[in-house]
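Take a look at the structure below.

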Amino acid sequence: MSDRNAVLQIRGLTRRFGGLTAVDHFDVDVNQGEIVSLVGPNGAGKTTVFNLISGVLKPTSGSIRLQDAELVGRPAHRITHLGVARTFQNIRVFPQLTVRENILLGTHHWTRSGMLGSVTFWPSTIRAERAAQAEVDTAIDLFRERLQPRLEDPAFALSYANRRRTEIARALAARPKLLLLDEPAAGMNPYERIEIAGLIRAMRDRGLTIFLIEHHMPLVMEISDRVVVMDHGVKIAEGLPKEVHSNPRVVEAYLGRRAASA
Amino acid sequence: MSAPPSTFEEEGSHPLKRFWELGPAGWDRTLTSPFVLIPFFILAALVPLALQFVEDNSAWIGAQFWTLILANCAMFACLAVALNLVVGYAGLLNLGFIAFFGIGTYAYALVASDQIHQHYPLWAAVLVVIVITLAFALVVGVPALRLRGDYLAIVTLGFGLIMRNLIIELDRPPVLAGHQIGPDSLNLTGGTNGIHGVAPFNLPTRLPLLGEVPHYRMYYWIFVGFLALSIYAMLRWRHTRTGRAWVAIREDELAARAMGVNTFKYRLLAFSTSAVMAGIVGMIDAAFLFNAFPSPNFDVQTTVMVFIMMILGGLGSLPGAILGAIAFTVPPFLLQKFVLYKYLVISVLLIAVMVLRPEGLLGTVSIRPRRTFGGTLELLSTESAAEEGEPPPVSTADAAKIEAASGEIVTPEEKT
Amino acid sequence: MAYFLQQLVNGLEVGSLYALIALGYTLIYGILELLNFAHGDVFMVGAFLGAGVAALLVHNEVAAIPGGLVVGLMLLLAMAGAGGLGVGIERVAYRPLRNANRLAPLITAIGVSLFLESAVQVWVSPAPVLVPSNALVPQFNLGLGSVETPLTGALLFVIAIGLMVVLDVFIFRTRFGSAMRATAQDREAATFMGIDVDRVIMVTFFVASALAGLGGVLFGLRYANIDFFMGYLLGIKAFTAAVIGGIGNIRGAMVGGLLLGVFESLTAGFISTQFTDTFVFLALIAVLLIRPQGLFGQPLTDRA
């Protein structure tokens, strides 16, 4: 484990649901500017890890540190404020809001404007709204030709892929230090997957640190700096994509015991 | 934000035809533009003067009566707008809404009548009303807004009943476990009789140019003024950070939290703002009618009536709230003979609208397709379907590289 | 002490009524996650149906019908009528909105509640109606020492408890009951298991509303006075009872109903008759704050 500039540091993370241990003493580091993929069979506990990081669920025990701040015990909106933004496996855009308003929601936590300010056109409110609108422009930069023409359309009228793009743009507008992407390429066709791969790299090149869950192994192999493999809530392998790919425990987890020993 | 969608525009078609083709969401957007709202309010302010003119120059003596009806319309429109904030924007089912209106009437009545012998100046009375409604809103909201939505509905319904119970019983000092609290003469609320002799606002009755202004007309203007102010504030909120957060919570609470929205804080903000707005409307009503009554000021039927006004016009739609208020205020006045059937008709209409068109006339909030969204039913317009098919802006070299790296088998036919 | 026991007995009487109605709330909530605000008004309609039957049979005096038979007919017809009404409400007002946002059916439910109230007010009677209870049921008090209750009160308690036991058996021991429980747990999965969910929901509404109708008749016999607005307050109190017991939990609703009845009666007897309703709702809020899942409910997990 490298100790250079870890943005996210998870130690001994455990979460039980009744008798079931969904995540069991899970450790991981995600370093500044890295793309780390979290893979594993269905039900391995990957999304639970994301829910624990983003504060949707409270861990049973363990620690999650974002740079110097401990995230465990903080409510979800405080965690966003500290610099974690996420997307959801089953896309969760706000259907009745326009694409623009969806992305503006991303700026919610770092802009300051209240009810009185907006009624009185208070200068600080105007500045905050202007900054937020400007951020929309920056955030959709990577999706320019896709989202620009649909900016004023309600999100429910978008295609599946555009909803996904909107959700990612919304997360970008939150100016996170750490971006959690939960299966960004799920349900995408091969062309769109290529686009997503390029997008994730472009986001990293902008200085973002990315932690993603992905099922599509070729995509994971292509874009990840490191891969972490989970099974039954436990980390079973970690390393460069190539190392993990040939790790017998990983093959076993994916294909079952017999295939591995054969 | 206000740019009209130009995609459907046909060359040379009639503007009204184009307006019709915008659909409910478009009508709502058009009707909330300042170019419509400002003339509307100017016109609304001029109506009683026109009525006066007609009365002075003809044998028709119904002008005062019509001003009274319109004042009622404006009052209910204010309430529907305030309810729209908490239900339409924030998605919180506040069934005790009308209690806040009632609290406003009583709070003002207490400091502007002989009930407890207090006569505050207007500014102090406004302050008292705001503080008292806010306090009640917090007492209900802080515990209830931490719970799931259904419980909020029942807690607010229960709150409305408690308030009615208290108002009716507090015409004498409360007795708890055999101990009387306060002196025998204590009579806070006047019980079922309510509080009478409430002083109107201390406003000049003569205005420059207009001369003597009758009571009804003055309060019509006050209601219309407050309505304009509310709508202005609502529109500003809706298009800035606060309103976006409200709607986001309504749409998807979890996603809103993940975007850094403190859901409890914003719910409480919506709940108490709406309550204070209702309280101020109540205050104006008490000054308008010179009294405060337990009924209809605390009746659940009144809540339902404001609900149907809001829902007929469309949840989340402000012009819809005004339309709804007109539609459900004017007919009962004109059909006094059938007043017995009022709530029967209202309830049937409420059910019919909810079942047949839950979005209302100008609805922007569809409360129907929650489950199908993102699931089986894809709401693809022809445009987005076409967009799906078109290949992404990735060079073939790029594609080949990725396919090679991933080892995925893609035939050249598939690639083009 | 005797005063305390008397209050306790009164409380159990009212409590068994609350429990009967709370059962309906809990059944419907358990299966549809719908807060059926109209349920209290179904109870009211049941009371009026019973009163109507009684008025027909008692005042006509075509033949001297024994009081017991009249009461039986009242119960039967009120249950059938209220049950049918419940099914009709579900069909017209709730089914079209079954998959809508949670707000929509709640608003409709409030509309249905107001509709039933005003329908009875307009078409039956705006003033309280007298149920000829003394012509039907012998008017004597059952007593133990100084603690007494009229026969009708005992009847209310016994029939309510008896029916709850029957319902419990129906739900936990029969095939249809297990279909209901399956539907309550996961409607979609129940569909895949070959359960006719629409039928389950219909039967649930019928059973819940029939119980409310029965409660209405018993209420009329016990207290003799019924009016179009009585279901509203009683309905909310019964819902409070369901929440105290843990909404969706059938045995919880019974216990919650009895507890609430006793609580109310003791509050009225020892603290204040002026503010009983206020105390009941303060209890509701307290329960929701301290233990929102109720006494017997599973902890509620937020939909994630």
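## A sheet in chain A

Leu8(A) has Leu66(A) as its bridge partner in β4(A). This comes from a predicted model. Leu8(A) also stands opposite Val30(A) in β2(A). Arg11(A) is paired as well: its bridge partner in β4(A) is Ser63(A).

Those pairs belong to strand pairings of β1(A). Strand β1(A) spans residues 6-17 and runs antiparallel to β2(A), residues 20-31. It also runs antiparallel to β4(A), residues 61-66. The bridge counts are tabulated here.

| Strand pair | Direction | Bridges |
|---|---|---|
| β1(A) and β2(A) | antiparallel | 8 bridges |
| β1(A) and β4(A) | antiparallel | 5 bridges |

How many residues lie between β1(A) and β2(A) in their hairpin? There are 2, and Gly18(A) in the turn has a positive phi of about 60 degrees.

## Chain A as a whole

The secondary structure of chain A comes to 12 helices and 10 strands. Its C-alpha atoms fill a box of roughly 70 × 40 × 35 Å along the principal axes. A compact globule of 262 residues would have a radius of gyration near 18 Å; chain A has 19 Å, which agrees. Of those 262 residues, 52% count as buried. Among contacts in chain A with a separation of 6 or more, 66% join residues 24 or more positions apart.

## A helix pair in chain C

Helix α1(C), residues 2-32, meets helix α6(C), residues 151-173. Their axes come within 9 Å and cross at roughly 35 degrees. The crossing is left-handed. On α1(C), the contact residues include Leu12(C), Glu13(C), Ser16(C) and Leu17(C). On α6(C), they include Gly153(C), Leu156(C), Phe157(C) and Ala160(C). What is the make-up of this contact of α1(C) with α6(C)? Its residues divide into 11 nonpolar, 2 polar and 1 charged.

Note on methods. Residues are numbered from 1 along each chain as its sequence is written. Chains are lettered from A and ligands numbered from 1 in the order in which they are written. This is a predicted model: local features need pLDDT of at least 70, side-chain atom pairs count only at pLDDT 80 or more; totals for chains, interfaces and linings use all residues. Helices (H or I, at least four residues) and strands (E, at least two) are DSSP runs, numbered from the N terminus. The radius of gyration is taken over C-alpha atoms; the globule rule is 2.2 Å times the number of residues to the power 0.38. A residue is buried if 20 or more other C-beta atoms lie within 10 Å of its own, exposed if 12 or fewer, and partly exposed in between; C-beta atoms are placed from the backbone. Two residues are in contact if their C-beta atoms, placed from the backbone, lie within 7 Å. Two strands pair if DSSP finds at least two bridges between them. Axes are lines fitted to C-alpha atoms, for helices over the stretch in contact, and angles run from 0 to 180 degrees between N-to-C directions. A crossing is left-handed if the near helix is turned anticlockwise from the far one by less than a right angle, and right-handed if clockwise. Ala, Val, Leu, Ile, Met, Phe, Trp, Tyr, Cys and Pro count as nonpolar, Asp, Glu, Lys and Arg as charged, and the others, Gly among them, as polar.
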